[in-house]
Amino acid sequence: MGSNHARVIAEQAEAVLAMVVDPNGVAAQSLAERFGTASSTDPADLLRCDAVVVAAPTQHHVDAALPLLAAGIPLLVEKPLAHDAAGVAQLIAAAEAAGVPMMCGFVERFNAAVVTGLARLTGPPVSIQCVRHSPAAPRITTSVVTDLLIHDIDLVACATGHRSPTSICGVLTALGSAPDVSEQADVVLGWPDGPVANLSASRMGQRKIRTVSMVSGEELIEVDLLRQNVTIYRHVTHDMVGGAYRSDTIVDIPFVRHAGEPLALQFEHFLALVRGAADATAELRSLVVPHQVADAIESCASRVTLG
């Protein structure tokens with residue numbers, strides 16, 4: 001992700017990629033040369049920057065971010081903010097104490113199909129289903145909860161006004177070759193007044209699937225994040241005709257307006273936070289629920305090991 005962020009910054013007319021920092025000097029120099037900028041292996045050099053994107057492995061986020069926040073430097077931190085709830089709370093508290101903008105790399109918030117689908121909801125959702133499946137990814141050694149599922153937890157949070165669910169249950173599945181790493185998560189989230197959200201994320205699939213389905217009292221909205229399309233269904237009538245059941249449904253396929261690459265749109269929002277043109281307090285508060293729910297799933301879900 002670091003190289004993707006570097007590319008997006010280098011292409012941004014209103015920002016300058018000032019430096020690439022990586023403890024691997026060869027990697028840092030190679031990426032820096034690709035985009036015509038400086039490289040370093042010393043994180044202290046970042047203190048000369050106006051803002052920083054932290055795209056290190058998750059276990060290093062807290063150590064990388066805290067000195068920068070203390071120095072008053074705005075941060076875009078890749079998801080998740082930290083590898084545990086204590087680290088997340090520490091970073092949010094540090095950003096609040098310093099009065100510094102901080103956002104998390106929830107890039108699906110800027111996915112055109114997601115934005116279109118959420119905008120077409122005419123009432124509060126009563127049911128949400130998300131499927132985020134991928135083939136095996138041996139290079140990833142973190143839980144599927146913080147790797148994949150957290151994106152859909154965040155989308156559900158966006159659709160429900162960032163309210164914390166009162167019911168969380170699920171099953172985490174690991175493989176016998178790596179029993180400590182969850183490769184699949186099947187979770188149900190509930191609120192007393194709705195909705196119920198069924199989320200499934202997996203790195204044990206045979207193909208890539210990215211779908212979100214939202215049902216309100218007026219419509220069913222299906223979002224295919226891979227094909228970037230949205231389909232809306234509205235049930236109109238149903239009756240028995242000639243001894244057979246018949247129903248009529250209106251199908252609407254709205255135009256999905258692509259304003260740009262989601263990662264670039266995310267960075268533009270980060271620049272707005274840095275300039276004070278976006279609400280940094282609201283942004284920070286929006287990070288709480290997805291991380292709390294992800295941590296609760298890791299803590300309370302049943303666990304199954306295959307093989």
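Predicted model: local features only at pLDDT ≥ 70, side-chain atom pairs only at ≥ 80, totals over all residues.
**Sheet, helices and nonpolar cores**

Strand β11, which covers residues 220-224, and strand β12, which covers residues 229-241, pair in the antiparallel sense over 5 bridges.

- The open sheet is formed by 9 strands, whose order is β13-β12-β11-β10-β6-β9-β8-β7-β14 and whose pairing is mixed.
- Because β13 (244-252) and β14 (302-306) stand at the edges with a single partner strand each, one side of each is left without a neighbour in the sheet.
- From one strand to the next, the twist averages 20 degrees.

**Helices on the sheet**

- Helix α5 (residues 112-119) packs on the sheet, where it touches β10 (209-215), β11 and β12, and its direction makes about 175 degrees with that of β11.
- Helix α6 lies across β6 (127-133), β7 (167-175), β8 (178-190), β9 (196-202) and β10, and runs at about 155 degrees to β9.

**Nonpolar cores**

- The largest nonpolar core has 61 residues, and those with the most contacts inside it are Leu 75, Leu 81, Met 102, Leu 149 and Ile 297.
- Helix α6 (residues 144-159) contributes the largest share of this core, namely 10 residues.
- A second, separate core has 19 residues, including Val 8, Ala 32, Ala 272 and Ala 278.
- When its neighbours within four places in sequence are left aside, Met 102 is in contact with Leu 69, Leu 75, Val 77, Leu 81, Leu 91, Ile 92, Ala 95, Glu 283, Leu 284 and Leu 287.

Terms used
Residues numbered from 1 in each chain as written. Heavy atoms only, no water. Core = buried A, V, L, I, M, F, W, Y, C linked by side-chain atoms within 4.5 Å. Buried < 20%, exposed > 50% of the residue type's maximum accessible area, 1.4 Å probe, protein only. Helix = DSSP H or I, 4+ residues; strand = E, 2+ residues; numbered from the N terminus. Contact = heavy atoms within 4.5 Å. Pairing = 2+ DSSP bridges. Axes fitted to C-alpha atoms, helices over the stretch in contact; angles between N-to-C directions.
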